[in-house]
Each structure stands twice: as structure tokens, then as C-alpha cells.
Amino acid sequence: SFCVAQLLLSPVTMGFTCTQLVCAAFWIIIAVLLNTLYQVGEFSLIYPKNVRQCRRIEGYHGCEDFAFFASNKDVYMSCDDRSWLKYHALGQNDNISTRIAKQKEQGKLYVLPSNNYDKAKPVTMKGFTSPDFHPLGIASMEDKSGKWLFVTDNTRDGEKVEIFKVHSQTDIELFSEFLFDAPLFEPFQMLNDIVVIPDSGGSFYVTVWLVKEPGTILNFIDVYLRRPVSYVLFCESPSKDFLSNPVPSNNADKSSVGWKCRRVVENLRMINGITRSHDSKRMYMAETTAKTMNVYDRDTITNELALVKKVSTMSGCDNLEMSQDGKTVYLGCHPKALTFQFHAAYPKAVVAPSRILKFVDNNSSADEMQVVMESTGEILSGSSLGIKVDDTLIVGSVHDDCYLLCDAEKL
């Protein structure tokens with residue numbers, strides 16, 4: 001018998017006949033493809049919003065995540081050429097450890113001085129001797145023990161969290177590093193973002209966004225079928241006064257022992273950015289392929305997290321940051337996820353839209369996302385984060401060669 005497709009397409013264009021079973025399979029595949037494109041936002045219309053209130057600061061590649069200190073309003077950013085990652089691409093000749101080892105250009109940390117956010121300065125990392133530095137997430141923390149930066153680092157030897165003591169604006173010193181390995185952590189799983197709890201000795205939450213090796217068919221399936229396989233770890237410091245100890249003079253003594261990590265949230269669809277309220281009683285996370293921001297209440301005694309709600313982000317969001325008022329969260333998002341993947345593969349040739357969202361948490365069912373800035377990608381492709389400090393909104397990118405400074409008063 002003739003299939004439905006033959007009623008819609010002429011024999012010239014079809015060139016063959018098919019059974020009803022084959023025809024049904026054909027239309028099911030088409031429906032799945034169209035639904036996938038819809039789910040990742042490829043049919044979304046992008047209307048530029050507030051782009052004229054922003055200006056490019058060029059010469060800084062892949063500055064994806066930012067952290068600021070409320071005491072002096074200095075902003076730190078983690079930057080890297082992440083062409084080695086290739087989590088979107090199959091058939092890699094080398095595993096990720098080899099790809100990282102072959103990467104000649106290393107990542108960098110910069111500080112954007114308060115009131116001079118267009119004057120980025122490189123940060124010197126005293127005591128850091130590793131051959132690899134590929135920072136992704138960065139978190140600031142200030143308490144009675146001092147000022148600290150916590151960084152997630154993708155290295156050839158595995159995933160690390162590095163703890164740096166901030167001595168001055170441009171000088172930090174490696175205090176401790178924590179290598180994630182078996183049995184808690186399987187090979188090739190990847191850390192993403194981190195948030196630190198003040199007055200805890202450095203205890204932190206960290207998101208694990210990929211659980212299979214980037215560049216393999218298993219990771220491809222996880223990402224594009226939006227499988228709920230990622231999770232969040234809570235890592236408890238060896239002691240409450242751990243950060244009060246002197247910086248070890250011997251690098252061999254900087255490898256941390258005594259940390260206790262456990263999973264606190266599981267079954268997530270590519271969990272990504274994480275931030276907290278000022279009192280650390282509420283946590284916010286971006287669940288990228290689920291297109292939600294998840295809000296959790298934190299038990300300050302047990303450090304367990306209880307889901308309060310999931311808020312639609314209308315796009316795949318990357319990092320997020322709490323603003324100075326303690327209740328407004330800014331998110332950097334990708335309105336068209338597949339276009340972003342092409343941009344990640346060919347950052348010089350393909351632009352990807354950017355979207356910055358704002359969520360004001362009044363603990364009400366009426367709270368919702370607001371679009372603060374949206375671009376087709378010409379001014380900045382693939383926005384990763386928005387962070388508001390006073391009257392300036394700073395926007396980062398995963399692969400672009402710039403960051404944005406926007407007039408927040410006019411947004």
C-alpha cells in the first residue's frame with residue numbers, strides 16, 4: 001500500500017514506495033527531530049534588548065565565570081580557551097586527559113578592580129606549579145579567616161578544586177588543592193561550578209555536569225537526550241578552623257586530606273551554575289538542559305538541600321550569581337542550544353545568541369524570570385553569566401574574546 005508520505009510528496013521527489021510501517025517510522029523520526037529542535041530553542045525568535053547599554057571589552061578569551069568581594073567590590077574572572085573540551089563532538093582521537101595535556105595555552109585569572117571594571121589585571125598565583133590550569137567555576141568567600149578564591153580546575157590528572165588565599169588585589173597564593181578521584185568520583189566526570197559556605201572552614205558545594213567522557217558516544221547521548229545523570233556534591237572541610245592554618249610552605253603539604261564529600265542532589269539534567277543567598281540558607285542552581293533554575297532550602301546543620309521550586313528559564317542557562325541585595329539572581333543563558341554548540345565548535349565562524357535573566361526571590365509564587373539583556377550574538381556570543389555590582393552589569397562568555405560592561409541603571 002502507499003504511505004502517507006506519498007500523498008504529500010510526488011513520486012519524482014520520493015523516488016520510491018514504502019510500507020505503512022516504514023512510513024510511520026519516517027514521520028516519527030521527523031517528529032522527534034522537530035521536537036528536539038523546539039526543546040533546545042532553535043525556533044525561538046531573538047529580539048535584541050538593551051544591547052546599546054553594553055560595550056565590549058576585548059582581548060579576554062572564554063571568561064566564563066565571575067566572583068566578587070562585597071567588602072571592596074573587586075571582581076575576579078576565570079578565563080580559558082576551552083577548545084580541548086569538545087563535549088559536543090564525537091570521534092575524538094585522544095581522550096580528554098591527552099587533549100588537556102596537548103593544550104598549550106593555559107587558563108588565567110583576572111581581577112576587575114572596583115570602579116575600573118574595564119581595566120582587567122592578570123592575577124599572580126604564588127605556589128601554583130601544576131602544568132595545567134583550566135579554570136571553570138570560581139567562587140569568592142570572605143570570613144574571619146580572610147579572603148579566599150575557590151576554583152574548579154580541569155587537569156590531565158583529573159578534576160581539582162584549588163583554594164587560593166587572597167593577599168592583595170593581584171596576588172593570591174595556593175593554600176590547598178583537592179583532587180577528586182575514586183571511589184567517590186569516576187574517571188572523566190567533570191566539575192563545573194562551586195559555592196563556599198562562610199565560617200565553615202571552607203566547606204563547599206560543587207556541581208558535576210558531565211558523568212561520561214566528553215567526546216564519546218555515551219556523553220553525546222547524555223547531553224542530547226537530556227538524561228538526568230548529573231549531580232551536586234557537598235564537601236565538608238577537615239575542620240572548622242582549616243582555613244585559619246598558615247599557608248603550607250611545601251607544595252606537597254597542600255594536597256588536602258580529611259575532606260568528606262557526599263551527593264546531596266541527584267538525577268539532574270546537566271546541572272551547571274550554583275550560588276547562594278547571603279545567609280547561605282537558600283541555594284540556586286541552573287539545570288541547563290531542563291531549562292530551569294532550581295531553588296533549594298539549605299539545612300544549616302546537616303547541609304542537606306530541600307527543593308523549594310523549579311523556575312522556568314526559557315533557555316539553557318549556564319552560570320548564575322547573587323547580587324548585592326541578597327535576593328536578586330542574575331543568569332547567563334543560551335536561547336538556542338544547538339546554535340551554541342556550533343558556536344562552540346567554530347567560535348570564529350558562528351555566532352550564538354546571548355540572554356541575561358534576572359530573578360528576584362521574594363519567596364512568592366508570583367516570582368518569575370525577567371529578560372534583562374538579549375542579543376543575537378554580534379556583541380557577544382554564548383553568554384555564560386551576568387553579575388551586577390552597583391550600577392554595572394558584567395556579562396561573560398564561554399568562547400568569545402570579550403566580556404561586556406552594561407549600564408545596569410538603564411536595563
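The model is a predicted one, and its secondary structure comes to six helices and 25 strands. The chain has 411 residues, for which a compact globule would have a radius of gyration near 22 Å, and the value computed for the chain, 22 Å, agrees with this.

**Overall chain**

- Taken along the principal axes, the C-alpha atoms of the chain fill a box of roughly 80 × 50 × 45 Å.
- Of the 411 residues in the chain, 55% are buried.
- When contacts between residues at least 6 apart in sequence are considered, 60% of them join residues at least 24 apart.
- In helix α6, the residues Thr339, Phe340, Gln341, His343 and Ala344 are buried, and the buried residues of this helix pack against α5 and against strand β20, which spans residues 328-334.

**The largest pocket**

- The largest pocket holds about 880 Å³ of space, and of the 45 residues that line it, Val40, Val223, Tyr224, Thr289 and Ala337 are the closest to its centre.
- Two or more lining residues are given to the largest pocket by each of α3 (20-39), β11, α5 (217-224), β19 (316-322) and α6 (337-345).
- Helix α3 supplies the largest share of this lining, with six residues.
- Sorted by class, the lining of the largest pocket consists of 24 nonpolar, 15 polar and six charged residues.

**The second largest pocket**

- The volume of the second largest pocket is about 420 Å³, and among the 25 residues that line it, those closest to its centre are Phe68, Ser140, Arg276, His278 and Glu321.
- The elements giving two or more residues to the lining of the second largest pocket are strands β2 (63-68), β7 (135-143), β11, β15 (271-276) and β19.
- Strand β7 gives the most to this lining, with five residues.
- The lining of the second largest pocket divides into 15 nonpolar, five polar and five charged residues.
- Strands β11 and β19 are named among the contributors of two or more residues for the largest pocket, and both are also named for the second largest pocket.

- The structure holds one cavity of 30 Å³ or more, and about 60 Å³ of space lies in the largest cavity.
- The largest cavity is lined by Trp209, Leu210, Val211, Asn219, Asp222, Val223, Arg227, Val229 and Met270, which by class are six nonpolar, one polar and two charged residues.
- Strand β12 (204-210) and helix α5 each supply at least two residues of this lining, and the largest share, three residues, comes from α5.
- Val223 is one of the residues lining the largest cavity, and Val223 is also among the residues closest to the centre of the largest pocket.

**Asparagine 192**

- Asparagine 192 is placed in strand β11, which covers residues 190-196.
- With a relative accessible area of 1%, asparagine 192 counts as buried, because that value falls under the 20% limit.
- The side chain of asparagine 192 is joined to the side chain of asparagine 272 by a polar contact of 3.2 Å.
- Leaving aside residues up to four places away in sequence, asparagine 192 touches Leu136, Gly137, Thr152, Thr207, Trp209, Asn272 and Asn319, and of these Trp209 also lines the largest cavity.

**Residues with positive phi**

- Lysine 73, a residue other than glycine, has a positive phi near 65°, and lysine 73 is found in the loop between β2 and β3, the latter spanning residues 75-79.

Key. Residues are numbered from 1 along each chain as its sequence is written. This is a predicted model: local features need pLDDT of at least 70, side-chain atom pairs count only at pLDDT 80 or more; totals for chains, interfaces and linings use all residues. Side-chain values use heavy atoms; hydrogens and water are left out. Helices (H or I, at least four residues) and strands (E, at least two) are DSSP runs, numbered from the N terminus. Buried means under 20% relative accessible area, exposed over 50%, partly exposed in between (1.4 Å probe, protein chains only). A polar contact is a pair of N or O atoms within 3.5 Å; within protein, one must be able to donate a hydrogen and the other to accept it, and residues adjacent in sequence count only if both atoms are side-chain atoms. Contact means heavy atoms within 4.5 Å. On a 1 Å grid over the protein atoms alone, a cavity is a set of points where a 1.4 Å probe fits but cannot get out, and a pocket is an open set with protein on both sides within 12 Å along at least five of seven lines; lining residues have an atom within 4 Å of a point. Grid points are joined across faces, edges and corners, and a volume is the space filled by probe spheres set on the points. Ala, Val, Leu, Ile, Met, Phe, Trp, Tyr, Cys and Pro count as nonpolar, Asp, Glu, Lys and Arg as charged, and the others, Gly among them, as polar. The radius of gyration is taken over C-alpha atoms; the globule rule is 2.2 Å times the number of residues to the power 0.38.
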